Amino acid sequence: MKALSKQKWLEFIDRMIKEDAGEVIGVKAKGSRFHFSPLDAAADLRLDYDITLLPPKKELLPTCESLLEFDISQPFDVQVKKEDQKKILVGVHPYDMVAINMMDRIYLDTHVDEHYEIRRNNTTIIVSDILNIPDRAFCGSLGTHVVDTGYDLLVTDLGDTVVIAVGTDKGTELLDKYASPRDATDSEKGDVENLRETTGSSYTRKMADDYNWSEVLKENYEHPIWDENARKCLSCGSCTLVCPTCVCYDVEDEMELNLVKGKRTRTWDGCLLKDFTLVGSGETFRESPMERYRHRYYRKGLYLPQRFGFVACVGCGRCATQCLPDIADPLEVMNALAASSMEEKKELPIPEVEVQGIKEELLLPVSATIMQKHKMNDLETLYTLKLDSGKKLEYEPGQFVEVSIFGIGEAPISISSSPGAETFELLIRRLGDLTTAIERLMPGDKVGIRGPFGNGFDTDELEGNNMLYIGGGCGLAPLRSIINYSLDNRKDFKDVTILYGCKDPDSQLFHSDLDRWEKMEGVDLFTAVDSCPDGQCWDGNTGVITTLIPKAKFDPKDTKVIIVGPPIMYKFVIRDIKALGVPDENIIVSLERRMKCGVGKCGHCQINGVYVCLEGPVFNYKDIKELPEAL
Amino acid sequence: MKPRVAFFDFASCEGCQLNVINLEEKILDLISIVDVVTFREAMTERTDEYDIAFIEGSINRPMDEEKLKKIRANAKVLVALGACAHTGGVNKLRNQWPVENVKKEVYGDADIEGNPLFDAFQTKAVDECVKVDFYIPGCPIDRNEFARMVTQIAMGRTPKLPTYPVCVECKKNENICVFEYGEFCLGPITRAGCDAICPTNGEGCDGCRGYLDDPKMNAAKDVMLKYGITLDMMMKKLNMYNYKKEGY
Ligand code: SF4
Ligand code: SF4
Ligand code: SF4
Ligand code: SF4
Ligand code: SF4
Ligand code: FES
């Protein structure tokens, strides 16, 4: 450990500022509170602060940042925008450092987010021990008043002396370059230990007991506290915005007024806000304030612990201070739950996750050209696309891509072709601005593609089986990829039965596929329409999709059933095929959610703790049947 | 062809149109993507041929309502510009009293009987008279939002307003919540988009951008009561830009 006199410490900071070590950002007063802000002089630094309004995450994941820049007057002109400014953060408290370590896991462990990575690598962090405790914090109970990794330097202000522990080489270099510290004495080291111990035991707000957050939450999904508190909730999102461990974001395209240049930006988003789960078709998956209010606690106390092994709360108390109705305090809620645990235990199983450590450009779309455009009906069009790189898109049936038109936006679209060809096919339904804009494109025009993403159908596991495919409406699009895969590899599959229902005859999709399937040996096809309005003609089955199930001849004990359709369909279809004796593990579904990033970062696609973009969209029913938010 | 744009003003202070002119260097970009055909604040030429009509101001007289209906019939897209057009704005405050009393108060004994210029009815927002396609809220409007909305309309996007409250922008600006120092604020129930300009400058939000679609009125009232705001003070603020709006 090293030490500097207070005077020398201030000189150290001032030299970093003057000699351009990078942008020096420290804790300064803001009215009666504190914030991280660029320092002009060491004298402005307030290591005696209690807490900053926003956590230092704003320096690593800015409230708004530009991801891409594009010029739409060109066929395909897009550049990644990465900020490479060197920064030195001075005065980060241990709990905020713990939170940054968590953020590192989320943004760097799997599917490395390059924007974050570059900023993180360019940032030097000087942690400072806590001198004053904010009144709503409870770090003592979580052990987050101290931190042992992540920082470059860790300083303790002892009054006349500042003791410095070095965490990394980056820290050593900085210290050697801008100061000449002496070694800390044993008594100074002792003082540091004492200070930390005193801090730890000075928190008046504590966990009532030594309970485990995840265990408590598992038992209390239906607890009345969620509803009671949510009634007072403003759905204002403050509790998530000010939280150092909340890292969800939204993405938006913006054009300059000249309509030539524009950028894709990402901004902070929060799961308490109403439109957080809104998808293109207008469906919202966490509609009530109660569900949103509850989700935040579960994400912090159960879902992230199951995934990463840490409780995603560091006890800083910012949420409690800044929630006007004062219902956002995790300590109060957890203490209340622990004291009144409900009878009924309800496990929320999260499927195993493989951390893949993928490192490639995740946010930059590559260009693809529309080769063919085939209108299926008034709303839906099938596009055949080819990557301009000349490379084949490597995907599995059931995966999805993110399709972009610069200046309008991006949306997840499932791939509806069977892999193998040089091209791939997407069925796009005109629903919002993006899909309307795509519909205006012609063969030869270009779109941006990211992906493929997600977990497709496990073809290895499906091979050798009888297959029953049940598709509703435009669910046939992703289903077609696996149907045609099994027919392309016909000898690997046994009997194939296809049930397809849609609203009315005019909305029927993929006529040429249906004709082909109809005629194929060993393939049984049954179709139906919900109804046949005047002016359309239909001489087949009329009725909802479930009316086709009794017609299908299949062995319930020995058939894999794949279901894809609108959200409302699953419950009924699953009920009926289970009644026939199909075991849960033979049922496979593909689910739709809002997927902004596709890579497990933005937080929008979560079903309880499951990321649809990573673990889905294809799921085995047995893995998700217990998840209240799934079906 | 570039869309033709017309600006019309009714009962307003014309502050919103002024904000459009104040786009400064951006105004050149604006006229490179649209043709401005009628704009009283900045030009004298006028025409009845336009695609997008921006309406500023609230509607107070039968003759105004007639004119507005004609504009609606001419325009492909009609946009309400600013609080007066969007909610009726501060003009609606006079709806607290009967029209006759208001006239008496303002014009005294002057002879206005039968003069259509003074034939006022209770103040209406634009959408109480004709269908409005899009709103650009605020008193005055935020010129960046105006620019954003125009680009979105010009690109065939449906311009969308934030569906979250002012608090979101307030937090992102790292403000101290004004409730902390004894002010009070309609931020939690008001639609964001102004970058929380009032709380950022230490003033509580007056709700000039109108309420959210589903404002959490009861929760917001509880908060105000908790901070010692009387019902009377609350109503004054709630009425300022959102007189008799749904929700309370
Ligand atoms: S949940 Fe609240 S106390 Fe926990 S880290 Fe987030 S803001 Fe701090
Ligand atoms: S819990 Fe509090 S801070 Fe969070 S959204 Fe509700 S009212 Fe806002
Ligand atoms: S909304 Fe406000 S600024 Fe705009 S015209 Fe009305 S009073 Fe003036
Ligand atoms: S000042 Fe107003 S807008 Fe800002 S957080 Fe407080 S209530 Fe919300
Ligand atoms: S903070 Fe409120 S009053 Fe101020 S501009 Fe925004 S919406 Fe209007
Ligand atoms: S986390 Fe962003 S789409 Fe899944």
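In this predicted model, the shell around ligand 3 comprises 6 nonpolar, 4 polar and 2 charged residues. Its members are S12(B), C13(B), E14(B), G15(B), C16(B), E56(B), G82(B), A83(B), C84(B), G138(B), C139(B) and P140(B). Two helices of chain B, α1 (15-21) and α4 (83-87), each contribute at least two residues to this shell.

The domain organisation of chain B was examined next. The assignment places domain 1 at residues 4-154 and domain 2 at residues 166-242. The two domains of chain B touch: 11 residues of domain 1 are in contact with 9 residues of domain 2. About 830 Å² is buried between them. Carbon and sulfur atoms account for 54% of that area.

Polar interactions across this boundary were then counted. The interface of domain 1 and domain 2 of chain B holds 1 salt bridge. R209(B) and E145(B) form a salt bridge, with their closest N and O atoms 2.7 Å apart. Between the two domains of chain B, 2 residue pairs are in polar contact, both at pLDDT 80 or more. On the side of domain 1 of chain B that touches domain 2, α4(B) provides the largest share, with 3 residues. By class, this side of domain 1 of chain B has 5 nonpolar, 4 polar and 2 charged residues.

Definitions and conventions. Residues are numbered from 1 along each chain as its sequence is written. Chains are lettered from A and ligands numbered from 1 in the order in which they are written. This is a predicted model: local features need pLDDT of at least 70, side-chain atom pairs count only at pLDDT 80 or more; totals for chains, interfaces and linings use all residues. Side-chain values use heavy atoms; hydrogens and water are left out. A residue is near a molecule or strand if one of its heavy atoms lies within 4 Å of it. Helices (H or I, at least four residues) and strands (E, at least two) are DSSP runs, numbered from the N terminus. Ala, Val, Leu, Ile, Met, Phe, Trp, Tyr, Cys and Pro count as nonpolar, Asp, Glu, Lys and Arg as charged, and the others, Gly among them, as polar. Domain bounds come from an automatic or database domain assignment. Contact means heavy atoms within 4.5 Å. Buried area is the accessible area (1.4 Å probe) that two parts lose on being put together, summed over both. A salt bridge is a side-chain nitrogen of Lys or Arg within 4 Å of a carboxyl oxygen of Asp or Glu. A polar contact is a pair of N or O atoms within 3.5 Å; within protein, one must be able to donate a hydrogen and the other to accept it, and residues adjacent in sequence count only if both atoms are side-chain atoms.
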